[in-house]
Amino acid sequence: MLASRQVLGNVARSRAFAGTATSIRHLATVSDSPLDRKVRQNNWEQNNFINYKKMSENLDVVRARLNRPLNYAEKILYSHLDDPHGQEIERGKSYLKLRPDRVACQDATAQMAILQFMSAGMDAVANPTTVHCDHLIEAQVGGAKDLARAININKEVYDFLSSACAKYNIGFWKPGSGIIHQIILENYAFPGGLLIGTDSHTPNGGGLGMAAIGVGGADAVDVMANLPWELKAPKVIGIKLTGQLSGWTAPKDIILKVADILTVKGGTGAIVEYFGKSLNPFVASCTITIVLYSIQQHECAITLRDSQLIKYHLGSGLDGISATGLGTVCNMGAEIGATTSVFPFNDRMYDYLAATKRKDIGDFARTYAKELRADEGAEYDQLIELNLSELEPHINGPFTPDLGTPISKFSQAVKENGWPEELKVGLIGSCTNSSYEDMSRAASIARDALDHGIKAKAAFTVTPGSEQIRATIARDGQLQTFEEFGGIVLANACGPCIGQWDRNDVKKGEANSILSSYNRNFTGRNDGNPATHSFVTSPDLVVALTIAGSLHFNPLTDKLKDKDGKEFMLKPPTGNGLPANGYDPGQDTYQAPPKDRSAVQVQVAPTSDRLQVLEPFQPWDGKDVKDIPILIKAQGKTTTDHISMAGPWLKYRGHLDNISNNMLIGAINEANGEANKIHNFTTGDWDAVPAVARDYKKKGIKWVVVGDWNYGEGSSREHAALEPRHLGGLAIITRSFARIHETNLKKQGMLPLTFADPADYDKIKPDDKVDILATQLAVGKPITMVVHPKEGKTFEVPLQHTFNEAQIEWFKNGSALNTMAIRA
């Protein structure tokens with residue numbers, strides 16, 4: 001190992017020295033420089049290319065300005081700066097103006113995003129964009145029938161999205177194609193790229209070294225309309241991985257443990273960057289490029305042998321984890337509030353690119369590899385170290401994804417907390433864990449049980465992440481194993497993970513336990529039952545506990561009985577990271593935009609109850625707002641599921657007025673401890689939250705909401721911001737916000753404000769009236785809220801905000817979209 005380090009050190013020094021020579025500088029600027037190659041971003045779009053050369057030039061500018069090593073997250077962001085020369089750069093403070101490579105939208109959020117884009121008056125998107133139909137398919141009886149039913153029920157929405165995509169030059173993935181994040185990983189993600197997606201689990205793309213960031217639809221519209229995308233410069237949390245995963249421990253356990261450490265708000269305002277302890281294998285690959293310039297082939301051969309030696313010695317931290325496994329870790333990073341999560345480019349990513357017919361991208365990434373990892377000496381704002389050799393399998397939950405319990409202590413936790421012991425349903429798949437490797441490992445456990453003559457004791461469902469995965473595991477036998485095991489194979493869609501589940505085995509209000517390989521387990525999220533105890537874990541543990549039908553089973557230590565009553569232990573799971581016979585693409589589910597789009601008409605029926613053309617919000621009148629009510633003081637966790645539920649409400653995502661009937665119906669009112677029951681001060685009645693808000697709006701009364709910590713965590717859905725704006729809200733005042741929701745509120749012309757002293761939350765009562773001195777709104781300055789208690793003396797509460805000058809204009813003009821229209 002020391003010898004290989006020394007060789008690399010000498011090569012690196014030689015490279016640095018060679019870089020100072022005039023002749024080498026000349027070679028680096030000729031037209032056949034490796035970074036001058038035209039490599040397509042994907043196999044679907046003919047004229048969209050990876051621009052590593054521009055990214056490299058931007059980094060040169062930033063390095064000269066900052067004069068310090070950069071970590072990988074910074075490299076991706078700063079290489080995409082709109083103005084690398086003039087951009088202020090300070091982690092945690094500056095607002096970066098960025099130029100993402102791509103935009104991706106899932107069908108539920110795409111409706112509103114496209115409706116907003118249509119109002120911009122452009123004839124095509126300015127940046128590559130795709131729409132993915134995955135959210136509107138409800139799980140009922142099984143894949144084919146559920147898909148056919150969804151296509152029939154949602155025809156109006158699918159026709160709108162299909163026609164709008166054709167009109168505005170957007171790639172369209174039809175229902176049945178798979179979950180957006182799996183499709184992105186299989187087709188569009190590339191190392192060093194920057195993608196924004198209208199779904200909170202967009203960070204899944206980090207499995208291929210891409211900064212893939214979840215945003216609201218209004219942010220997506222900015223990029224679609226060729227405006228720079230604004231992001232507060234994230235801090236960077238470094239997570240060093242040592243050791244190796246083995247046995248029952250899976251990549252999912254990394255993020256389950258990290259969530260337990262950082263909690264649901266610990267990653268807010270930060271990018272999580274994972275790295276291993278070993279030298280990156282592509283140090284050698286980079287030197288190969290330099291050596292090739294000198295045409296010394298014997299040196300090239302030596303370097304290649306060194307590269308093989310280094311690869312042999314790596315084997316710790318990252319090298320043993322597949323690209324899809326890395327994607328799993330990044331995907332669930334959304335649950336700690338992180339802006340995104342990334343891994344440095346490595347061999348596993350190259351293998352996956354090659355397996356998905358993108359070897360050219362892998363080769364191109366190798367020529368840019370020195371910028372696809374952190375610089376030596378790069379610093380992090382927080383550093384965590386995990387020894388994977390000591391990591392136990394974890395189960396997180398219930399009701400929150402950051403309550404982590406190692407499997408060795410889980411049975412005891414079930415007893416101590418009185419959680420329902422019987423496992424009713426085990427669910428594997430979703431965007432987090434539906435790779436070929438996930439399915440293969442899970443199938444190996446199911447096959448082990450079948451070989452002993454037993455099947456699943458609990459109900460069992462399988463959600464393939466994409467049509468490609470479904471077709472490949474159907475060909476290779478895993479699907480048949482799951483069906484023999486007693487499983488129901490659902491459609492290639494989100495399904496129960498987002499509440500699209502017509503569950504009938506328990507009554508609403510009946511306490512029960514379910515276990516999934518999903519990413520999120522908030523109260524009522526999966527089945528609409530607030531009494532369901534939902535736990536998240538790896539697909540491996542889901543299958544194992546499904547066999548036992550009990551939360552007390554630990555496959556590492558406990559035995560099962562076979563069909564003859566003989567005891568046996570399950571073998572640790574096994575499975576290939578990539579299919580030996582390649583991927584089967586399955587049915588063609590992609591619709592490319594037509595070459596001639598001039599005759600395409602976007603289909604929106606004026607009488608539709610699912611689609612509604614947007615009307616601009618009214619601009620601010622320039623005055624302070626006085627003596628207005630608190631619509632609701634929300635108590636405890638208030639996620640976007642509480643603010644704008646999914647499930648059956650998904651069908652109204654394109655109709656703002658109709659979906660506003662679910663605004664805050666899940667939030668708990670501090671006044672009475674109940675959901676969706678608040679006091680209307682004008683009538684004295686207690687009514688549903690949307691009903692009271694509509695009554696206030698009709699009477700010209702603005703209102704505010706008071707919330708607790710990390711308000712708006714969870715999904716990226718901008719409806720959670722659009723609905724309060726539509727129903728007359730002025731401000732949301734909290735102890736703290738989740739990043740995406742705070743931005744979404746600003747984009748819609750609302751005031752997201754935080755208590756300067758979080759303890760002031762407790763001073764506010766639900767029946768207080770308040771003044772919001774909006775005329776004080778200025779960058780870096782507090783705003784005063786005057787509180788008029790129903791009983792007692794008036795007092796003032798200082799509020800903070802994160803508005804910059806451009807965002808203040810959004811508020812003044814009524815929304816970011818209004819501001820765009822004014823400037824057009």
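## A parallel sheet

In this predicted model, strand β9, which covers residues 270-276, pairs with β10 in the parallel sense over three bridges. Within this pairing, E273 stands opposite V342 in β10. In general, the strands of a sheet pair through backbone hydrogen bonds, either parallel or antiparallel.

The two strands belong to an open sheet of four strands, whose order is β10-β9-β8-β11 and whose pairing is parallel. Because β10 and β11 (382-387) stand at the edges with a single partner strand each, one side of each is left without a neighbour in the sheet. From one strand to the next, the twist averages 20 degrees. Helix α10, made of residues 251-262, lies across β8 (235-242), β9 and β11, and runs at about 135 degrees to β11.

## Two loop residues

T339 is found in the loop between α13 (323-332) and β10 (340-342). T339 counts as buried because its relative accessibility is 2%, which falls under the 20% cut-off. Leaving aside neighbours within four places in sequence, T339 is in contact with several residues, among them P203, I213, A270, I271 and R739.

G477 lies in the loop between α18 (467-476) and α19 (478-484), and with a relative accessible area of 23% it is partly exposed. Although G477 and S440 are 37 residues apart in sequence, their C-alpha atoms are 9.3 Å apart in space.

## An annotated domain

According to UniProt, in an unreviewed entry, residues 629-757 carry the feature "domain: Aconitase A/isopropylmalate dehydratase small subunit swivel". Over residues 629-757 the chain is 27% helix and 22% strand, and the end C-alpha atoms are 21 Å apart.

Methods: Residues numbered from 1 in each chain as written. Predicted model: local features only at pLDDT ≥ 70, side-chain atom pairs only at ≥ 80, totals over all residues. Heavy atoms only, no water. UniProt positions renumbered as here; feature names shortened; annotations may be inferred. Buried < 20%, exposed > 50% of the residue type's maximum accessible area, 1.4 Å probe, protein only. Contact = heavy atoms within 4.5 Å. Pairing = 2+ DSSP bridges. Axes fitted to C-alpha atoms, helices over the stretch in contact; angles between N-to-C directions.
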